[in-house]
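Here is a short briefing on one chain. Keep the sequence and the 3D view side by side while reading.

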Amino acid sequence: MSAILPDAIDPIRLADEGSSLEGELSVQAMPRLRELCQNPAAKVQVALRFDRGTHGRMMAGTITTRLGLTCQRCLGALEQDIVAKTRVVLLQAGESHPVLAEEVDFIEVAAPVSLPELVEDELLLALPMTPRHPQGECPSPGAGRAGRPDTDAVTSPGPFAALADLKRKQ
Ligand SMILES: [Zn+2]
């Protein structure tokens, strides 16, 4: 496979042809993702298959990258591997959703579709809500919070608080 990916694709036609796309994109081409990371020159590996299966036209594959994020515990730099495994049914405008037994996502596509934008959408879905170093592995614990101890364990009121609340209402 060529490593040069097209900017615009027609996913419906690719599925009809049973084509694959493999190659590299840059985070530079993804403005929403670029804003969230500290290494906009990062590469994104794309491996997508398009075909027609029992569910209709499908896009499936894996999108991987390594982003420089900010740890929400210590506010330090955090290198994180992002792996977006995608499997979606492609619908043309106006095409109705087939009823499926298993849970499969649908996306409606109208050619041409921007490949960087499609890949960016999948990566944004795969990003952690609050990126953090593993517990106890921040390089400088509390650095961003003036040395306060880690308060994660006590931020939730816990089941007893809810119980107390219930009792008050009786
Ligand atoms: Zn950290």
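Ser20 is partly exposed, because 13 other C-beta atoms lie within 10 Å. On this scale a residue is buried with 20 or more other C-beta atoms within 10 Å of its own, exposed with 12 or fewer, and partly exposed in between, with C-beta atoms placed from the backbone. The model is predicted: local features need pLDDT of at least 70 and side-chain atom pairs count only at pLDDT 80 or more, while totals for chains, interfaces and linings use all residues. Residues are numbered from 1 along each chain as its sequence is written.

**Ser20 in place**
- Ser20 sits in strand β2.
- Helices (H or I, at least four residues) and strands (E, at least two) are DSSP runs, numbered from the N terminus.
- Ser20 and Ala60 are 40 residues apart in sequence, and their C-alpha atoms are 9.5 Å apart in space.

**Chain overview**
- The chain holds 4 helices and 7 strands.
- From the N terminus on, their order is β-α-β-α-β-β-β-β-β-α-α.
- Buried residues make up 21% of the 170 in the chain.
- Two residues are in contact if their C-beta atoms, placed from the backbone, lie within 7 Å.
- Of the contacts with a separation of 6 or more, 60% join residues 24 or more positions apart.

**Sheet**
- Five strands form an open sheet, in the order β2-β3-β4-β5-β6, with mixed pairing.
- Its edge strands are β2 and β6 (105-109), and each pairs on one side only.
- Strands pair if DSSP finds at least two bridges between them.
- β3 and β4 pair in the antiparallel sense over 10 bridges.
- Val44 stands opposite Thr65 in β4.
- Helix α3 packs on the sheet and touches β2, β3, β4 and β5.
- The direction of α3 makes about 120° with that of β5.
- Axes here are lines fitted to C-alpha atoms, for helices over the stretch in contact, and angles run from 0 to 180 degrees between N-to-C directions.

**Nonpolar core**
- A nonpolar core is a set of buried Ala, Val, Leu, Ile, Met, Phe, Trp, Tyr and Cys residues joined through C-beta atoms within 7 Å.
- The largest one has 27 residues, of which Val27, Cys37, Val44, Val46 and Val119 touch the most other members.
- Elements that each supply at least two residues of this core include α1 (11-17), β3 (43-53), β4 (56-70) and α3 (115-126).
- Beyond its neighbours within four places in sequence, Val119 is in contact with Leu25, Val44, Val46 and Ile63.
- In soluble globular proteins, nonpolar side chains tend to be buried together.
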